[in-house]
Amino acid sequence: MSMHLRSDVDLNAAQVKRVIELALNVKAHPEQYRKALDGKSVAVIFAKQSTRTRVSFEVGIFELGGHALVLTSGGSSGMQMGRGETIHDTAKTLGRMVDAIVIRTYAQSDVDELALHGGVPVVNALTDDYHPCQALADVQAIQERFGRTQGLKLVYAGAGNNVAHSLMLIGPRVGMDVVVACPASVAPNAAILARAQADAKEAGTSVTVSHDLADAVKGAHVIYTDTWVSMGQDADAQRLREELQAFQVNAKIMAAAQPDAVFMHCLPAHRGEEVTADVIDGPQSIVFDEAENRLHAQKALLMLLMGAQPW
């Protein structure tokens, strides 16, 4: 039976630790893994636009000696899935030809159904509900900066979206407290919040929601934000910008956190909206470290899921 990364829930604390340890080693010694996926093919499906996800997976699979088949599910050159073929039939077909499937799409059900019927490992490279590969890269960047994740406080500022959900879920798995600071109108999904809080209780950490960013960032080691308007939200853009104005990360917000606090952003960023230029381009920013770590964390994840490295 194949193991998947449908969401952060698929990895327990020990497995997250193993991914990060391997990712750090992959980053330090890439030459040791040049043939890890030799002769293996990975279908990488995009229903959403992508920069970091596409480049990191395509380059990562190549650097492991594998072959990435980059497929789109829309347009005249896209897959049949984009014009009505069921996920079930796509999964059954791909599962007989490739060794793993990576998908960046809208509906979480697409990922879950691929995993159910494909017979090969499936990786969620982003859905409307979760962004687990980003969260792994983020944890790696935090580990590199602080030498630990245990006992740290991460504050996410902005809408309770897929990135917020994954940070809420991964926090308890690596010993971090997570606060989502957001307007009540764009709070995290209630069911995902409940799961994250249950995991936090078991782990001895906390996951909370605040509507006051200035108060939330007191004592924080990591301040994290994301674009205010996600793909597909163009109709609500003006409303979101107005509601999120009080949740901008700026120098004043950074000054209220720990003196050694870092700023993080999953990118793409909009300077002057969710973050000011002096913060994202300043000395506390580690946004390009976390962006690079998408490459290393995903290489580690694929090797583990595909059996090229032991858990």
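View 1. Helix 2 (residues 52–63) has 12 residues and spans 16 Å from first to last C-alpha, close to the expected 16 Å (1.5 Å times one less than the number of residues). Helices (H or I, at least four residues) and strands (E, at least two) are DSSP runs, numbered from the N terminus. T53, S56, F57, G60 and I61 of helix 2 are buried (under 20% relative accessible area, 1.4 Å probe, protein chains only). Seen down the axis of helix 2, the buried residues fall within an arc of 115 degrees, so they line one face; the arc is taken from the directions from the helix axis to the C-beta atoms. This is a predicted model: local features need pLDDT of at least 70, side-chain atom pairs count only at pLDDT 80 or more, and totals for chains, interfaces and linings use all residues. Residues are numbered from 1 along each chain as its sequence is written, and side-chain values use heavy atoms, without hydrogens and water.

**View 2. Strand 1 and its partners.** On one side of strand 1, S41, A43 and I45 are buried, and on the other V42, V44 and F46. Strand 1 runs parallel to strand 2, joined by 6 bridges (pairing needs at least two DSSP bridges). S41 has H67 as its bridge partner in strand 2. Strand 3 pairs with strand 1 in the parallel sense over 5 bridges, and there R104 is the partner of F46.

**View 3. The surroundings of A100.** A100 lies in strand 3 (residues 100–104). A100 counts as buried because its relative accessibility is 1%. Beyond its neighbours within four places in sequence, A100 contacts S41, V42, A43, V120, P121 and M306 (heavy atoms within 4.5 Å).

Key: Buried < 20%, exposed > 50% of the residue type's maximum accessible area, 1.4 Å probe, protein only.
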